[in-house]
Amino acid sequence: MTGLPAEAAQTAVAPPARWRGCILPLVLFGLFAVAPAFARHGGEGYILALALRVMILGIAAMSLDLILGYGALISFGHAAFLGIGAYAVGILMSHGVGDAFGQLAAALAASALFALVTGAISLRTKGVYFIMITLAFGQMLYFLATSLAAYGGDDGMTLPRKSLVLGTRILGEGHTFYYVVLACLVGAYLLCRAIVASRFGRVLRGTRENPVRMQAIGFNPLAYQLAAYVIAGALCGLAGFLLANQTEFVSPAFMTWQRSGELIVMVILGGLGSLHGAIIGAAAFVILEEVLSRITELWKMIFGPMLVLVALFARGGILGFFRGLRRG
Amino acid sequence: MSATLLLVQTLNGLQFGIILFLIAAGLTLVFGVMDFINLAHGVQYMVGAYFAAAFVAWTGSFAAGLALALPAALAFGLLLEVVVFRHLYDRDHLDQVLATFGIILFLNQGVKAVWGAAPLLVPIPPALSGSIELMSGLLYPVYRLAIIAAGLAVGGLLYVLVHHTRAGMLVRAGATNAAMVSALGVDIRRLFMVVFGFGAMLAGFAGAMVAPILSVEPGMGDNILILAFVVIVIGGIGSIRGAFLAALLIGLVDTLGRSFASNILRLVLDPSMASQTGRAIAPMLIYILMAAVLFFRPTGLFPVKR
């Protein structure tokens, strides 16, 4: 289940496939862009909140896909970065720093630094041990957050308002915040695309397939993996910054290990190693959660077995499923 | 006074470590022999506790309830193995994470659907209730001592099984090189199934043993699963001996850390600062320990030799 089949499929089909590769992401972003116009006809607040959640978790899942799908680094502590981004907003705001740019800079710097330190230690280990050590770092941060009595401890804290932009409350007005999040999503997507297509991305994929050979032809796999880990951490920090602003609430629940598991589920559900697959996975996850929880309070009894079925039969997730249909 | 507290907390830590060992033993075998990440091991512990609660209430006797809960936990583990897990042995870790995560979601709500969301209480068996005086001024609950004794007995039994029986030899061989064992004509699938069922029963046994001292509730296995992973990673995956020592270590560090971290910090920091940092650091201690162990020994303290 590495990304190989996906790439093989792309090269196997003639040039028009290049276009086809762009259609799905374009449709996806187009849908997000027109959602506010459609939502005007009813249930506006509800639909937009749902779309916002999808986009924000989409950024988080996509950042995980960057290291999981392209680097085969199974991080089980990715939600920690979501928490760092969110707590950067909450902690700075409680000290009177309400400016969005200051908070964003702090969120990105803190998550990148945490990724650099923990990544340097974690990447010494391989396979299952890597999964577990990233989990340990995530848990460390979770327990640290629960013990921060000054910042709400276990219960978390409610933010007085969204972040300020140049002293104005523009993020709280109309659809501004929605389009800011959409811009972040598109920006993050383009950045990840560029990274994956670059020489750096090719080396990263090379280390996924065979680190020893990469080393033999003169690359240091560890440096590339660490750089990817830091980029992914910072991007997820951005998602945390946005999440805190959307919910106007920050709590340790943002970084439980179950949340890290959910991010992995989103990436696999959408289709590993395709970037927009992670966004589709986030959408599928959030929408299924909404729809099923309306049918029954015990919706996880339906959702759980669905995940098992996806793991057993739908290799390559939702994208892989459709690719299979097209090929017949 | 302080020495008494230290002794009590040490015993508590031992008891916690023993429970962790019962859970981690199955996990490390499944992990080591089949290279299978079973996130659902924690819910098997939970299911064991629920079985115990249900059977104890039904029979009115703890011993009879336990005697029924064990085969039920075994049967449940085998059922999961046949329906889901055996189809995932050849897959990569991500598929296993996805599927077993789905099973966690299903079972956490499943027990809620069957037994309700309210915690179930299991009475401590009368023969093991009350406390005994270990030394003057030190009263300790008999039941917790019984858990320690039962855990040590199971640990001894496991040691004999793994090191002095033919099945145990195959398990050890499987942990070292499963493909070679299979090539030598051993039905590796059946071996996997036995190991899996046995691990599920051990987790269920741990759940049943703690049922009288903890509340039996949905999600009770989620956090202990993570601790069990910490144990097997520190101990070295596939190593029962490593799991045993790491479980005791984690149990002691966690329990003693939570009660004494502030006191120790008070030696170097002022009191309010010390109690704050102590509370922050105590729950993180075991994860710091794990990161440190993996930093110096990337495959744990007692890696299985390959």
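Mentor: Pro71(B) is found in helix H3 (residues 62-83) of chain B, helices being DSSP runs of H or I with at least four residues, numbered from the N terminus. This is a predicted model, where local features need pLDDT of at least 70 and side-chain atom pairs count only at pLDDT 80 or more, while totals for chains, interfaces and linings use all residues. Residues are numbered from 1 along each chain as its sequence is written, with chains lettered from A in the order in which they are written.

Trainee: Does Pro71(B) count as buried or exposed?

Mentor: Pro71(B) counts as exposed because it has 12 C-beta neighbours inside 10 Å (exposed is 12 or fewer, buried 20 or more, partly exposed in between, with C-beta atoms placed from the backbone).

Trainee: What separates the C-alpha atoms of Pro71(B) and Gln96(B)?

Mentor: 26 Å, for residues 25 apart along the chain.

Trainee: Switching topic, at what angle do the axes of H5(B) and H6(B) cross?

Mentor: Helix H5 (residues 142-164) and helix H6 (residues 166-183) of chain B cross at roughly 75°, their axes coming within 5 Å. H5(B) and H6(B) are therefore roughly perpendicular, a label for angles of 65 to 115 degrees.

Trainee: Which residues make that contact?

Mentor: Leu161(B), Val162(B), His163(B) and His164(B) from H5(B), with Gly168(B), Val171(B) and Arg172(B) from H6(B). Contact requires C-beta atoms, placed from the backbone, within 7 Å.

Trainee: And how many residues of chain A are in contact with chain B?

Mentor: 36, facing 39 residues of chain B. H6(A) gives the largest share of chain A's side, twelve residues.

Terms used
Two residues are in contact if their C-beta atoms, placed from the backbone, lie within 7 Å. Helices (H or I, at least four residues) and strands (E, at least two) are DSSP runs, numbered from the N terminus. Axes are lines fitted to C-alpha atoms, for helices over the stretch in contact, and angles run from 0 to 180 degrees between N-to-C directions. Angles under 35 degrees count as roughly parallel, over 145 as roughly antiparallel, 65 to 115 as roughly perpendicular and the rest as oblique.
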